[in-house]
Amino acid sequence: MKKFIGFFIFLFVFSCTEYVDKPKNLVSKSTMAEIIAEMAINDQIMFLYPGKSLESETRFILKSHNIRTADFVESYKYYVIKQEMRGVVEDAQEILKDKDPKAAEKIEKESGQIINKELPTLERR
């Protein structure tokens, strides 16, 4: 009986290896990086035109890559859950650096501030 229960526990543990299923129309990492880089450039429009909506520009970016919004959202969720989004964002930063050398200075400056920022010390009471 113990072997029987142990077998089912073993079977149950190893049958649930994936937390999230791979989306049917998964966007590749390189395409995802290109889209995120274009959206970051597009996001700068908010500084020039504060009242402007970015919805039509975002749709244009996705349409230019022949990607549906639902596919982009599902792929984004998949990469975040699988903890692969950091690599995609780093690739997007490289694309931005190639497009605009001034952006490289700003990215390096801001990423250095985030990493080197001193965290408050925790006090034990």
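Buried here means under 20% relative accessible area, exposed over 50% and partly exposed in between, with a 1.4 Å probe and protein chains only. The views show a predicted model, in which local features need pLDDT of at least 70 and side-chain atom pairs count only at pLDDT 80 or more, while totals for chains, interfaces and linings use all residues. Residues are numbered from 1 along each chain as its sequence is written, and side-chain values use heavy atoms, with hydrogens and water left out.

**View 1. Glutamate 57 in helix α4 (residues 55–64).** Helices are DSSP runs of H or I with at least four residues, numbered from the N terminus. With a relative accessible area of 18%, glutamate 57 is buried. Leaving aside residues up to four places away in sequence, glutamate 57 touches Asn42 and Lys52, where contact means heavy atoms within 4.5 Å.

**View 2. The ring pair of phenylalanine 72 and tyrosine 76.** Rings of Phe, Tyr and Trp (its six-membered ring) pair if their centres lie within 6.5 Å, and planes under 30 degrees apart count as stacked, over 60 as edge-to-face and the rest as tilted. By this rule there are two aromatic pairs. In the pair of phenylalanine 72 and tyrosine 76, the ring centres are 6.3 Å apart and the planes stand at 35°, so the pair is tilted. These residues lie four apart in helix α5 (residues 69–81), and are therefore separated by about one helical turn. Phenylalanine 72 counts as buried at 11% relative accessibility, whereas tyrosine 76, at 38%, counts as partly exposed.

**View 3. Helix α6 (residues 85–99).** The expected span of a helix is 1.5 Å times one less than its number of residues. The 15 residues of α6 should therefore span 21 Å, in agreement with end C-alpha atoms that are 21 Å apart. The buried residues of α6 are Met85, Val88, Ala92, Leu96 and Lys97.

Definitions and conventions: Helix = DSSP H or I, 4+ residues; strand = E, 2+ residues; numbered from the N terminus.
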